[in-house]
Amino acid sequence: MMERAATTLFSLLSGVPVSIEDLNAEAWTVYGQRQLDRGYMPPVPERLEWAPWEGVGPGAEILGDVTGQRVLDIGSGPGHHAVHLARTHGAQVTAIELSLTQHQRAIDTHAGTPGVQFVHGDVVGYLRTAKPFDAAYAIGSLAFTDPHRSLPALRDGLRPGAPLVLSLLHTDLNGRGPSTTVTPRDQMIMLRDDPPLPTRMWVLAPRLWENLLTDHGFRVEAIDLLHPYDENNPVVQQLIRARRLPNRPARISSRPRTTRPPTPHAAIGVGAIVLSDRGVLLGRHRRGTLELPGGTVEPGESLEATVIRELAEETGLIARPDDVTLLGTLVDHVGDVVRVTVGAIVSTWQGRPATQPDESVGDWAWHPLDQLPDGLFVCSAQILTAWRPDLPIDHTPAHFTPYA
């Protein structure tokens, strides 16, 4: 084992060319050997943690009821997450790990655990012959493999309707956020005072992950950003919840609404076009799409009041009723639920737009109308084209009735 680790470390540090996935596998082999040398094993957690910090975000419940279900742990490392799912939730877990030393850590401690099978190998090759799984997850591991290679294998390796949950790096220790193109970049694996291990990772923006998953036969149900309790720690994790679809869905350029029926007061909403000499105001949703300020109408609230309230809550801008002009209603539907959206123009306001605490949309910026970005939320796309039909924005159709 020490000879293998020495060989891999030499290839990492000597400049000998290796493929990206070989580089990553070797880095994790060296990492695993260092942990073996220390005799360190993480304890089996009391709950499934999707981030490096305890108690941040949801637990195993987002996988659904996995009792008796065949679950794939991708890049299982020392195996503590797989053991938790088997012991606490009754899952039948296959824990696959490419690094030999990480696999060795798992079997040294957890071999023979009921409900867990430890496999050393490449997940893409393994899924070619495995029976389709009922669920799969990866905690911090999938970004080390080219998504154009891993996602087709996962689609074929999961039964229709199976959940896929991914925890992925979003912002690193240096405060560097995700890439906006599907290309790998240099990252480091850090362990105490040991020399850092170079890797190449696909650290991608949420919108890119959503597009990739959609392209490869998954429906993305939620993307959340998980932050540490320590405000001085810049690291942020993405938590993506997706589901394997039986057929390849049609692509559209805007994110659709959820198919879940809304609560009664949420059937009508507003969207505000705020214009300045720099363009229209758009914010980035935590799922990665760009949106106008807006939201749902509260009971007893006028449409103008909703625009003013949502504008203040989401951007910090202050407007008055006389500053709001309602454009008209857009009517479309999701399933059997009719949705009504009212567009508005806000002509005057006070303040500067800024990200507000606990809001799902932030990073507000002005965008010229002749340089609108890709990836608009479908409601915002509908409102903008109802106001300006000449804008070249694709979206699902809606019936627009302008106000006189």
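**Exercise 1.** Determine whether Trp 366 is buried or exposed.

*Solution.* The relative accessible area of Trp 366 is 15%. Buried means under 20% relative accessible area, exposed over 50%, and partly exposed in between (1.4 Å probe, protein chains only). Trp 366 is therefore buried. The model is predicted: local features need pLDDT of at least 70, side-chain atom pairs count only at pLDDT 80 or more, and totals for chains, interfaces and linings use all residues. Residues are numbered from 1 along each chain as its sequence is written, and side-chain values use heavy atoms, with hydrogens and water left out.

**Exercise 2.** State how many aromatic pairs the structure holds, and classify the pair of Trp 28 and Tyr 31.

*Solution.* There are four aromatic pairs. In the pair of Trp 28 and Tyr 31, the ring centres are 5.0 Å apart and the planes stand at 75°. Rings of Phe, Tyr and Trp (its six-membered ring) pair if their centres lie within 6.5 Å; planes under 30 degrees apart count as stacked, over 60 as edge-to-face and the rest as tilted. The pair is therefore edge-to-face. Trp 28, at 23% relative accessibility, counts as partly exposed, whereas Tyr 31, at 15%, counts as buried.

**Exercise 3.** Classify the pair of Trp 349 and Trp 366.

*Solution.* The centres of these two rings are 5.8 Å apart, with 25° between the planes, and the pair is stacked. Trp 349 is partly exposed, at 21% relative accessibility.

**Exercise 4.** Identify the aromatic cluster to which Phe 144 belongs.

*Solution.* Phe 144 forms one aromatic cluster with Trp 28 and Tyr 31.
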